[in-house]
Amino acid sequence: TSAASVAVLPAPDDSAGSHDALPMSELRIDTMRASGAGGQHVNTTESAIRITHIPTGITASIQDERSQHKNKAKALKLITARVRDKQREEEARERGDAKANLMGGGDRSERIRTYNFPQDRVTDHRCKHSEHGISKLFDNGG
């Protein structure tokens with residue numbers, strides 16, 4: 001004997017702007033002087049960028065380039081990727097929780113319906129009703 005469990009879940013919504021940029025109202029952008037090598041140039045220009053996504057607290061800091069604009073573009077890409085990653089993880093966790101709630105333990109005692117082909121019988125365990133003629137049920141829909 002064997003048992004199978006089936007869970008029907010809604011498809012994940014990929015159209016929720018997963019490739020769009022984050023709204024600027026959710027970002028705090030700080031500029032600062034870069035640290036490290038670079039001589040007098042790093043002491044005089046504020047080319048380092050730190051972007052904070054306010055709702056989640058995720059930050060990205062970049063000081064790779066000499067240009068503030070290039071660093072800002074890199075930091076925006078990085079913060080967007082990190083925030084989208086966190087959103088995907090949360091959605092996957094929620095789907096996993098929903099699936100666990102639907103599936104139960106998969107134990108045979110949780111059965112709803114039994115299809116007994118050798119005896120040509122279908123038993124609905126919720127209402128304790130048995131019906132003979134499996135092929136008739138499948139062909140005519142009950």
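Reply: Buried means under 20% relative accessible area, exposed means over 50%, and partly exposed is in between (1.4 Å probe, protein chains only). This is a predicted model, so local features need pLDDT of at least 70 and side-chain atom pairs count only at pLDDT 80 or more, while totals for chains, interfaces and linings use all residues. Residues are numbered from 1 along each chain as its sequence is written, and side-chain values use heavy atoms, with hydrogens and water left out.

Me: Fine. Is Asp124 buried or exposed?

Reply: Asp124 counts as buried because its relative accessibility is 15%.

Me: Which residue forms a salt bridge with Asp124, the closest N and O atoms being 4.0 Å apart?

Reply: That is Arg113. Asp124 lies in strand β5 and Arg113 in strand β4, so the pair ties together parts that are 11 residues apart in sequence. Strands here are DSSP runs of E with at least two residues, helices are runs of H or I with at least four, and both are numbered from the N terminus. A salt bridge is a side-chain nitrogen of Lys or Arg within 4 Å of a carboxyl oxygen of Asp or Glu. Arg113 is partly exposed, at 38% relative accessibility.

Me: And what do the side chains of Arg126 and Asp124 do?

Reply: They meet in a salt bridge, 3.3 Å from N to O. Arg126 is exposed, with a relative accessible area of 56%.

Me: How many salt bridges does the count come to?

Reply: The count is 9. Among the residues involved, Arg28, Asp30 and Arg50 are linked in a network.

Me: Where do Asp97 and Arg93 sit?

Reply: Both are in helix α2 (residues 68–103), and because they are 4 residues apart, about one helical turn separates them. Asp97 is partly exposed at 42% relative accessibility, and Arg93 is partly exposed at 47%.

Me: Backbone now. What is the phi of Asp120?

Reply: Near 50°, which is a positive value in a residue other than glycine. Asp120 lies in the loop between β4 (113–116) and β5 (121–124), and it is partly exposed, with a relative accessible area of 33%.

Me: What about the phi of Lys128?

Reply: Lys128 is not a glycine, yet its phi is positive, at about 55°. This residue is in the loop between β5 and β6 (129–132). Lys128 counts as exposed because its relative accessibility is 73%.
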